[in-house]
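Hello,

Here is the structure I promised to pass on. My notes follow below it.

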Amino acid sequence: MTIEAPRRPVRTPAPQVGRSMRRVDAGEKLRGEARFVGDMQVPAMLHGKVLRSPAAHARVVSVDVSAALAMPGVVTVLTGEDLLDIDPYWGHAIQDRPIVAIDRVRFAGEPVAAVAAEDEATAEAAVAAIVVEYEDLPIAGTIEEALAPDAPLVHDGPLRPGLFHGLGTLPERDGNVCYRYGFERGEVDALFADAAIVVEGDYEFPGVYQYAMETHSVIAQWDTDGVTMWATCQHPFLVRAEIAALFDLPLGKVRIVVPYLGGGFGSKSYTKMEPITVALARKAGRPVRIVNRVSESMVTTRRHGARIHMRTAADAEGRLLARDTTISFDTGAYADNGPRVTATGGDAAPGPYRWSGVRVDALCVYTNTAPSGSYRAFGASHVQWVGEMQVDEVAQRAGIDAVEVRRRNLLRPGEQVRPGGKPLDADLIGDIEKVAAALGWDDPRGPDIGRGLSVGLLAAGAHPVSSAVVRLEADGEAIVLVGSTEMGQGQRTAFAQIAAEVLGMDAERVRCMGTDTRFTPYDRSTGASRSTTLAGLAVQRAAQEVRDDLLAIAARIWPDQEHEIVLAEGAAWCGDERRTYPELIAKRFGLSGGQLIGEGGVHPEGTGSYAEGPVFWEVCIGAAEVRVDRATGAVKVTRTATVADVGRAINPQLVERQDEGATMQGIGNALFEEMVFEQGLLVNDDLLEYRIPNTQDLPERSTCVIVENGDGPGPFGAKGCGEGAFAGIIAALATAVADAGVPMHALPLTPERVWRRIQELEKESA
Amino acid sequence: MELSAVVNGRPTRLGIEPQELLLDVLRDRLGLTGAKRSCDVQVCGACTVLVDGAPVSACTTLAADVAGREVLTIEGLRQTDAWPAIEDAFERHAAVQCGFCTPGMALTIHALVADGDMTDARAVQRCLSGNLCRCTGYRGILEAAAEIAGVATEPGPVHGG
C-alpha cells in the first residue's frame, strides 16, 4: 500500500458578499442613539425660522422687519437686502432661485425672510411680526395655464445654466418651458398611418410628496475657517460646490458633515435649505439651525406632476411598431432637478421594446407652484404606467396575453436601448416570466379581480464618479471612508461586506463612517441607485490595494510560497501557518501602530456625457393583483410581486427590503397620494390630509424575487436596486385596474376617480 | 410652572411654560432625542413615548399633562429586561432602515405586547397602523413585532419568493 503525504489544508475565506448579515447601524438607530441633524446642537447655536410667501405670484413691495428685530431674543433678520454683496441665485440645473425673494415671489411657500433667535418659539413669533406688502401678479398655476399663448411668465430673464445639470448645452428658455428633451428615429408618422392597431390617449400623473420622515434640516456656522454645515444632504459634495460658488469661497473652506439621514428618496438630493441657513448664520455671526416642519418640506421639493399624450402602433399580431410621446413636467417655480427628470422621463417613454419608429418630446415647465425635484425612480414612475397600459391594450386587440405580447417585443441583452447609449444589460424576458410566476399569473381568479404586470427601464447611476479610502488599522479592524450618504438603504452594511470580502475578514470588523467633506473622499451623489454599484466599486478597488499590500508583506514571510498565500479570517495563511493582520502591520512598520491605506476610484470611461450613459439600466418590473369594488370604486391590492434584477445581491435581505419599501411607496403613489394645488396654493399640506401608506395598506401577499445574473458593472457583478420596483408597481397597479375593466387615465386611483370612470364606461357601453 | 414627573424611572422636576409640548421638553430640556419630530399632528408616531405604559404622541401632548405620571422613552426602554428580545428581533428581520420611525415603533410594540393586544398577525398589523415608516414597506417590522409578541406571522404577508 502507498501512503499519500498529508495534503496541506487550504483555507477558504468565509463569504462576506451574498450573506444577509445584520445591518451595522441597526442597533444604534433602534436605541435612539443615532444622531440626526435635528438632534444636534453646536455651541452658541441660534434657531432659525423662515417667513414664507402666502402668495403664489406677487411683487414684493416692501418688507418691514422692525417689529421682529425689536423682540427680545431676536438676533437678526435676513432679507433680500442682505445679499447685495453676492450673486444670490442658486440651482444646480438652472441658476434661477434666490436665497430669499429679491423683488418677487413665484410660489406660495417661497422664503421671503428668515429670523435667527435664541429659541425656536421666539424665532417663530418674530417671523409672524414681519410685515410684507405684496402686489399680486397673474398666476400660471398649472401646466395648461403655463403653456397657454398669453401665459404669465414665471421667469423672464435669460436662462443661466447651473453647475450640475449634466445635460450638455442647455437651450434658452422658451416662454415657461425651461428645458426640452426629445428624439425621433424611424418613419414614425408613416408607421402610424399603416398600423393595424393604434392606441392613443391623454394621461395625468399628480404631484407627490416624498415624505422623508426627517424634514430638511441644516446647522450652519460661519467663521474665519469658512463655512461648516451639518446638513441633511444626499449629495454633500455637490452642495459644497454650490455653496462655495454662492458665497465665493474655495471648496476647502466649505465643510459639510452628514450624519444619518431620516430618509431621502431624492428629497434631499442637491441643494435645498443650505443657502438660506448659511446666509442667516453669516449675518447673525453665530451658528444657526433650521429644521423644517412637514408643511415647509412639502413646498421645498416634491415630485413633478405630469401630463402625457401617448400613442402606440402595432401590427395585427401584436408586434409593436411605433410610439409617439409628448410629456409635460410641472417643475414648479424653480427648476430644481426638473431638466434631469425630463430627460430621464423622455428616455423611459418608449419602454424596453423593439421599435421601428419612436418619437419623444418632453417639456419641463415652470408654474407658480412649489418646486419639483427628484423622487425615487423619477421619469420612469411618471411614464411607465402609460406605456404599459397601451401595450396591454395592443395585446387585447391582437388577442394575445399580456405576458406573450412582452415576450414578442421586449429587447434582448445587448440590443440598443437608445443610439449611442449603453446597450441592454438585463434579461427582461426572464424577469417578466419570473414576476408573472411569482404573482400567480395563471391562477384562477374571482370576480372583479384584475391582474397586471409591467416592465420598464430607468437610466441609473447618474454620473460615474466615486472614490473611497479603506484603512486597515493596527488592531486588524478596517475603516471605510466613502462619501455616500446613509439614509436607510443600508449602504454602510453593503460597503462593509464588499471591503471584507476583498480583505478576507469578517464584515462585522469593518466600520463605515458618515461623510465629512473635509476628510471623506469625493463621491458625486447618493441617488439613482448608484451607491452599491459605483461607490461600492470604489470601495472594492480601495480594499484591493490594501489586499495587495497584505500579500506583499506576507510574501516576505513566505518568500518561496507566494502563490499559496491565502487571506482569510483576518490573517494571511500559508498552509496551516498564519500571521494575523496586526502581525503583518507590525512587520511593515517595525512596531505596533501604523495602518495600511488603500484608495479606489471610479471615473467615466468616455466623456461622461448623459448620452453615453447610463451606468446601467435599472429594471423596473412589477406585478399586481387588485380587487375593484364597482359600487364604491375602492381598489384593494391583494397581491404584488417584484423582481430585483441586481446582478449580484451583496446582502439579499436588504435587497428584499428595498423592493418592499418601493412596493409600498408605489401603492401610495398609485392609489392615494396627491398634492392638491388650487390657484398655486397647496391645500393638503399636512399628514392629516396627505395620506401615506400604513400597515393596513399591505397587500395580502407580496413577493420579491432576486435575480442574480452577474451582469452589473458594480462589485462582483452587482448593480443597483430600490427604484425599479417603484415604477414597476405603479404601472402594474394601473394595468391591473384596467384588467379589472377600468382603464384609468389619471393617478392616483382614488375610489372617487375610479367610481366616476366606472360610471363613464357604463354610460358609453349603454 | 413646575413640572414633576418620573422620566425613565427617575423623578424629574423642571420649570416649564404651560404651552410647552412634551416632545420639546424631552428633546430640548432633557436631551432625550430618541423621540423624533415629524408630522406634528399625531399621525406618524415618530414621537411616540409611553405615559403610564400607554403610547402617546409627544408632539401633541402638553408637558404639563404628564405631571405626576411615568414617562418612558427609548432611552429608558433600552435599559429594561425587555430590550434584548426587541433588539434581536429588529436586527434579525432587518426592520430598521433610516431609523427615524424605529424608536417609536419599538415603544408602541413594547406597550401593546404588554397590554396583550397583539394576539395574532392581523392584530399586530392593526396595532402598528399608527406608526408610519416610509422606508421599509413594514414587512420586517411586522415580523419583528410578531416575534416579540410571540405570535405567528401568518396569515400576514408571505415572505420570500
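Which domains does the domain assignment of chain A give? There are three: domain 1 (40–138 + 211–298), domain 2 (414–460 + 615–765) and domain 3 (466–602), with bounds from an automatic or database domain assignment.

The model is predicted, so local features need pLDDT of at least 70 and side-chain atom pairs count only at pLDDT 80 or more, while totals for chains, interfaces and linings use all residues. Residues are numbered from 1 along each chain as its sequence is written, chains are lettered from A and ligands numbered from 1 in the order in which they are written, and side-chain values use heavy atoms, with hydrogens and water left out.

The rest concerns domains 1 and 3 of chain A. Their centres, taken over C-alpha atoms, are 39 Å apart. In contact (heavy atoms within 4.5 Å) are 20 residues of domain 1 and 19 residues of domain 3. Together the two domains bury about 1600 Å², 50% of it on carbon and sulfur atoms; buried area is the accessible area (1.4 Å probe) that two parts lose on being put together, summed over both. A:Gln234, A:Phe237 and A:Arg255 supply 37% of what domain 1 buries against domain 3, more than any other three residues.

Two salt bridges cross this interface (side-chain nitrogen of Lys or Arg within 4 Å of a carboxyl oxygen of Asp or Glu). A:Arg518 and A:Asp225 form a salt bridge through their side chains, at 3.3 Å, N to O.

Regards
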